[in-house]
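Thanks for making the time this morning.

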Amino acid sequence: MRRFFIAGNWKMNKTPSESSILANELKSALSDIEGVDIAVAPTDLAITTVTQRLQHTNVHVSAQNVHTESSGAYTGNVSAEMHRSAGVTYAIIGHSERRKYHQESDSDVNQKIKAALKGGLLPIVCVGETLEQRQADQAIQVVLSQVAAAVEGIPLDQLTSITLAYEPVWAIGTGHTASPEQAQEIHGAIRAWFGQQYPSFVAQQLRIQYGGSVKPANAATLLSQPDIDGALVGGASLNAESFKAIVTAAAAVRG
């Protein structure tokens, strides 16, 4: 059975001192939860502090982005190898905000996945459609196109090191959440696509999170869907109690 994976994306929130406080709160709040993989993604400025606070706990740390190169004259960027040396385990790649505000293409996402894997990080790869695309009945087509581009050229033995995160763009930070049925439809389509393109074990082992206004109130219902293997949490991850409630819901569903 696939283990649930709950990750909190702090985005551009929390100073290093505030991040340290939240990390300490999470260390205490989540220490007794078993059977769920947990990660948080602070800003680059706070990563060292957070990894130190969460060292030897059940909460891992993720980067919010990686560069495609290991080193070089790339001002303002951080490589996968640098993140790994700071104690980071995961890297969020292709978030819709990166695609929108930094014009990251599907090709960029693919190159960053390869860079993350080469540098020893586990990618959390975001895919999702806009409201206009959903209203035009293009959601599945758009998402599967993003998925196919993301994993192009990834060796078979590395595919299950990737976590996919389906985040409908229209539900991110809006307070609107895809219904469990809408989310399951996309998750099921993604898993079916992998089952068609690769050996069956890839589809069976691949973890697909849901993201988009996940809260304590809707977590259990979403996580009860057969092809939803966790959540990529935004605003609710900035509070230790609300994030704990989501992780606890995940533990209860699989418990």
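The largest nonpolar core in this predicted model has 67 residues, and those with the most contacts inside it are Ile6, Ile113, Leu164, Ile190, Phe194, Tyr210 and Phe243. By a nonpolar core I mean a set of buried Ala, Val, Leu, Ile, Met, Phe, Trp, Tyr and Cys residues joined through side-chain atoms within 4.5 Å, where buried stands for under 20% relative accessible area, exposed for over 50%, and partly exposed for what lies in between, with a 1.4 Å probe and protein chains only. Helix H11, residues 240-254, supplies the largest share of this core, namely six residues; helices (H or I, at least four residues) and strands (E, at least two) are DSSP runs, numbered from the N terminus. Apart from this core lies another one of ten residues, including Phe5, Tyr90, Ile92 and Cys126. In soluble globular proteins, nonpolar side chains tend to be buried together.

Before going further, a word on conventions. Residues are numbered from 1 along each chain as its sequence is written, and side-chain values use heavy atoms, with hydrogens and water left out. Since we are looking at a prediction, local features need pLDDT of at least 70 and side-chain atom pairs count only at pLDDT 80 or more, while totals for chains, interfaces and linings use all residues.

Which residues does Tyr210 touch, once those up to four places away in sequence are not counted? Taking contact as heavy atoms within 4.5 Å, its partners are Tyr166, Pro168, Ala171, Thr177, Ala178, Ala183, His187, Leu222, Ile228, Gly230, Ala231 and Leu232.

Ala240, which is found in helix H11, is buried, with a relative accessible area of 6%.

Let me turn to the aromatic rings. Rings of Phe, Tyr and Trp (its six-membered ring) pair if their centres lie within 6.5 Å, and planes under 30 degrees apart count as stacked, over 60 as edge-to-face and the rest as tilted. The count by this rule comes to five aromatic pairs. In one of them, the rings of Trp193 and Phe194 have centres 5.0 Å apart and planes at 90°, so this pair is edge-to-face. In another, the centres for Phe194 and Tyr198 are 5.7 Å apart and the planes stand at 25°, so that pair is stacked. Together, Trp193, Phe194 and Tyr198 form one aromatic cluster. Is each of its end members, Trp193 and Tyr198, buried or partly exposed? Trp193 is buried, whereas Tyr198 counts as partly exposed at 22% relative accessibility; Phe194 is buried, with a relative accessible area of 1%.

Next comes the open space. The largest pocket holds about 500 Å³. On a 1 Å grid over the protein atoms alone, a pocket is an open set of points where a 1.4 Å probe fits, with protein on both sides within 12 Å along at least five of seven lines, and lining residues have an atom within 4 Å of a point. Of the 18 residues that line the largest pocket, Met12, Gln64, Asn65, Arg98 and His102 are the closest to its centre, and helix H4, residues 96-101, gives the most to the lining, with three residues.

Finally, two backbone details. Most residues other than glycine have a negative phi, and most peptide bonds are trans. Lys11, however, has a positive phi of about 50° although it is not a glycine, and this residue sits in the loop between strand S1 (4-9) and helix H1 (16-29). Gln103 likewise has a positive phi, near 55°; Gln103 lies in the loop between H4 and helix H5 (106-118) and is exposed, with a relative accessible area of 58%.

Key
Grid points are joined across faces, edges and corners, and a volume is the space filled by probe spheres set on the points.
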